[in-house]
Structure formats: C-alpha cells, structure tokens
Amino acid sequence: MTLEIRKTSTFSPRYPVIDVHTHAFKNPRRFTEIAGHYSGLRDFPVFGSGSVEDADRTRLEAGVVKRVIKNLAAKPTSVPAANDFAIEIHRRFAQLIACGTIHAGFSGNEGEIDRLAEAGVRGISMDSSWQ
C-alpha cells in the first residue's frame, strides 16, 4: 500500500498551542502499517512519515510550541525499547515532550519509571486497549 503524504502550511496562531497527543515511530515500516490501517478506516490524510523529525517539522509548520510524543508498548517485552526511544527523543528534541510507557504485564515497571525519571522524561503514556 502506498500512502499519500500531505504537506502542511506554515501557520502562526495568536496564542501558544501545545499538541498533547502525537505518536512517532522509530521504525518507518510500523508507521506505514498503522497509518495505512487507520487512514483506510477513517479516510483521513497522513501528514509526514511518522518519524520524530517529521513530528517536529509539522509542529513548526503548524505553529505549535510544544508537542507531546506518546510512546506505547503493545506487549510487555516492548517496554524497555519504547522507553529507550522516549529517552532519545527527550535528549534530541527540546520542543517535544516525550512520554515513556509501562505495561500491566511487565514486571519491571518500577525500574522503568526510575530510569525514565533519571533521564529527565516526566510523563507516562498507556493505552487501555492493550496495556
């Protein structure tokens, strides 16, 4: 499946805007799978490639001052890798607010929360559908 990626235009809002729900993907193939599924269900356009760099670029183009990146772990074993990604985002992108994640089926949640806090990540994101 080929996705059509729309470009956004530069916008300058009158008040500071914070986007509180964005996902970014380390693996572009995963983004393509998910975006293809949801855009097919809801017939909506996809902006960008799903990368952190595109999340930051579209944030700037939309006039958004901060953007919260929500990381999720669909399975317990994915928690450490998702949190590694959150820490990487936190270190590389000052205007993006990275959230780590925990999973009800993961036995090391307390250690992951400590690790995130020590790295400066101050938020946790979970999805009640599978976490």
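I take a nonpolar core to be a set of buried Ala, Val, Leu, Ile, Met, Phe, Trp, Tyr and Cys residues joined through side-chain atoms within 4.5 Å. Buried means under 20% relative accessible area (1.4 Å probe, protein chains only).

The model is predicted: local features need pLDDT of at least 70, side-chain atom pairs count only at pLDDT 80 or more, and totals for chains, interfaces and linings use all residues. Residues are numbered from 1 along each chain as its sequence is written, and side-chain values use heavy atoms, with hydrogens and water left out.

**Entry: fold.** I read four helices and six strands in the chain, taken as DSSP runs (helices H or I, at least four residues; strands E, at least two) numbered from the N terminus. Along the sequence the pattern is β-β-α-β-α-β-α-β-α-β.

**Entry: core.** I looked up the largest nonpolar core, which has 14 residues; Val 52, Ile 69, Ile 87, Ile 89, Leu 96 and Leu 116 touch the most other members. At least two core residues come from each of helix H2 (52-61), helix H3 (79-92), strand E5 (96-101) and helix H4 (109-119). H3 gives the most, four residues.

I then followed Ile 89, which touches Val 52, Ile 69, Asn 71, Leu 96 and Ala 98, leaving aside residues up to four places away in sequence. Contact here means heavy atoms within 4.5 Å.

**Entry: whole chain.** I note that 38% of the 131 residues are buried. Of the contacts with a separation of 6 or more, 73% join residues 24 or more positions apart.

How values were computed
Buried < 20%, exposed > 50% of the residue type's maximum accessible area, 1.4 Å probe, protein only.
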